[in-house]
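The model is predicted.

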Amino acid sequence: AIFVVRDGCGALRAELCCDGRVLGTEGGLIAYIEADGRVGSAEMRYLGQATGPAAGREIGYVTDGARTVIAQVDYGRGLVREMSGSLIAEIRRGGEIKSNVG
């Protein structure tokens with residue numbers, strides 16, 4: 001795995017493999033992430049996309065399956081925000097992601 005997701009107690013929740021597969025706690029396929037940021041379900045249904053920053057900017061966006069922009073990613077500061085501005089998560093230098101869910 002090139003990236004793992006753990007809950008607050010340290011238990012494994014998911015892992016991202018080099019080929020873009022996302023595996024769940026039992027090792028079953030739960031999603032695919034393509035190199036361009038597109039995400040699909042295990043059933044090959046389009047779920048959305050995370051875009052990189054535009055040239056000269058540090059901001060990218062997250063869209064859902066209907067291609068509606070649902071979040072903003074500040075790649076310079078490592079922040080993910082709802083479009084309303086509410087903080088969703090902070091990505092720390094060591095790769096740790098701190099959730100800000102209520």
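## The sheet

The fold pairs 11 strands into an open sheet, ordered S1-S2-S3-S4-S5-S6-S7-S8-S9-S10-S11, and the pairing is antiparallel. Strand S1 (3-6) and strand S11 (97-99) are the edge strands. Each of these pairs on one side only. From one strand to the next, the twist averages 20°.

Strand S6 covers residues 46-50, and strand S7 covers residues 59-64. The two pair in the antiparallel sense over 3 bridges. Glutamine 49 has threonine 63, in S7, as its bridge partner.

## The largest pocket

The largest pocket holds about 1,000 Å³ of space. Its lining counts 29 residues. Phe3, Val5, Ile33, Ile91 and Ile97 lie nearest the centre of this pocket.

Which strands each supply at least two residues of the lining of the largest pocket? They are S1, strand S2 (12-16), S6, S7, strand S8 (69-74), strand S10 (87-91) and S11. Thus both edge strands, S1 and S11, contribute to the lining. By class, this lining has 18 nonpolar, 8 polar and 3 charged residues.

## The second largest pocket

The second largest pocket has a volume of about 150 Å³. Val73, Asp74, Tyr75, Gly76, Arg77, Gly78, Ile91 and Arg93 line the second largest pocket. These residues divide into 3 nonpolar, 2 polar and 3 charged.

Note on methods
Residues are numbered from 1 along each chain as its sequence is written. This is a predicted model: local features need pLDDT of at least 70, side-chain atom pairs count only at pLDDT 80 or more; totals for chains, interfaces and linings use all residues. Side-chain values use heavy atoms; hydrogens and water are left out. Two strands pair if DSSP finds at least two bridges between them. Helices (H or I, at least four residues) and strands (E, at least two) are DSSP runs, numbered from the N terminus. Axes are lines fitted to C-alpha atoms, for helices over the stretch in contact, and angles run from 0 to 180 degrees between N-to-C directions. On a 1 Å grid over the protein atoms alone, a cavity is a set of points where a 1.4 Å probe fits but cannot get out, and a pocket is an open set with protein on both sides within 12 Å along at least five of seven lines; lining residues have an atom within 4 Å of a point. Grid points are joined across faces, edges and corners, and a volume is the space filled by probe spheres set on the points. Ala, Val, Leu, Ile, Met, Phe, Trp, Tyr, Cys and Pro count as nonpolar, Asp, Glu, Lys and Arg as charged, and the others, Gly among them, as polar.
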